[in-house]
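Let's take a walk through this fold together. Keep the viewer open and turn the model as you read.

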Amino acid sequence: MKSLFDTDAHQEVLDRLRKITADTQPAWGKMNAGQMMRHCQLPLEIALGRTTLPKPNFFMGLLMKSFKKGMYDDKLWKKNMPTPKQFRVEDKRDFDKEKSTLTRLLTDFHETRTLKDRDPHPAFGHFTYDQWGQMQYKHLDHHFRQFGV
């Protein structure tokens, strides 16, 4: 599994991101390109410690942890997977601003590749160093495939 900590994977993601325009249409899902850009920022902000989410209740926590391995394994995510409420972006977004912010967050995350310990994810708990990088890559890959890049 590729990792966003890897320089080649980081560059690949940036190259794919550059190909998405405000007019790029998704192959599935409800988000437009600007909304997707904002949606992809949220997991990076969590990994960088720049935003937090409320901890899920006990039952949601168990459900989330049951999906944890799928966050970073080699299996592609299914199209039209439900998006947790905290990660939904339904309002109108400024595409250029969101794309610029996502580009900066991708670089910021990659630059923290020497940081071995991170706070636990608020919903999924502890991830290893490798899992953090793989999870971020896999999420971006899923949405970039959604938008055809």
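Which residues in α4 meet α5, and which residues in α5 do they meet? From α4 come Leu 102, Leu 106 and Phe 109, and from α5 come Trp 132, Gly 133, Gln 136 and Leu 140. By class, this contact of α4 with α5 has 5 nonpolar, 2 polar and no charged residues. Here contact means heavy atoms within 4.5 Å. For the classes, Ala, Val, Leu, Ile, Met, Phe, Trp, Tyr, Cys and Pro count as nonpolar, Asp, Glu, Lys and Arg as charged, and the others, Gly among them, as polar.

Before going further, a word on what you are looking at. This is a predicted model, in which local features need pLDDT of at least 70 and side-chain atom pairs count only at pLDDT 80 or more, while totals for chains, interfaces and linings use all residues. Residues are numbered from 1 along each chain as its sequence is written, and side-chain values use heavy atoms, with hydrogens and water left out.

Now the overall picture. The protein chain has 5 helices and 0 strands, and from the N terminus on its elements run α-α-α-α-α. Helices (H or I, at least four residues) and strands (E, at least two) are DSSP runs, numbered from the N terminus. Of the 149 residues of the protein chain, 50% count as buried; buried means under 20% relative accessible area, exposed over 50%, and partly exposed in between (1.4 Å probe, protein chains only). Among contacts between residues at least 6 apart in sequence, 84% join residues at least 24 apart.

Back to the pair we began with. The axes of α4 (residues 95-111) and α5 (residues 129-146) come within 12 Å and cross at roughly 160°. That makes α4 roughly antiparallel to α5. The axes are lines fitted to C-alpha atoms, for helices over the stretch in contact, and angles run from 0 to 180 degrees between N-to-C directions. Angles under 35 degrees count as roughly parallel, over 145 as roughly antiparallel, 65 to 115 as roughly perpendicular and the rest as oblique.

Next, bring in α2 (residues 33-47). The axes of α2 and α5 come within 11 Å and cross at roughly 180°, which means that α2 is roughly antiparallel to α5. On the α2 side the contact is made by Met 36, His 39, Cys 40, Pro 43, Leu 44 and Ala 47, and on the α5 side by Trp 132, Gln 136, His 139, Leu 140, His 143, Phe 144 and Gln 146. These residues divide into 8 nonpolar, 5 polar and no charged.

How do α2 and α4 meet each other, parallel or antiparallel? They are roughly parallel: their axes come within 9 Å and cross at roughly 25°. The α2 residues that meet α4 include Met 37, Arg 38, Leu 44 and Glu 45, and among their α4 counterparts are Phe 95, Glu 98, Leu 102 and Phe 109. The residues of this contact divide into 10 nonpolar, 3 polar and 4 charged.

Arg 38, in helix α2, deserves a click. Arg 38 is buried, with a relative accessible area of 17%. A polar contact of 2.9 Å joins its side chain to that of Glu 45; such a contact is a pair of N or O atoms within 3.5 Å, where within protein one must be able to donate a hydrogen and the other to accept it, and residues adjacent in sequence count only if both atoms are side-chain atoms. Not counting residues up to four places away in sequence, Arg 38 touches Glu 45, Val 89, Arg 93 and Glu 98.

Another buried residue is Ser 3, at 16% relative accessible area, in the segment before α1 (7-18). The Ser 3 side chain reaches the backbone nitrogen of Phe 5 at 3.0 Å. Leaving aside neighbours within four places in sequence, Ser 3 is in contact with Ala 9, Gly 133, Gln 134 and Tyr 137.

Finally, visit the loops. Asn 80 lies between α3 (58-66) and α4 and counts as exposed at 52% relative accessibility. Most residues other than glycine have a negative phi. Asn 80, although not a glycine, has a positive phi of about 60°. Met 81 lies in the loop between α3 and α4 and is partly exposed, at 41%.
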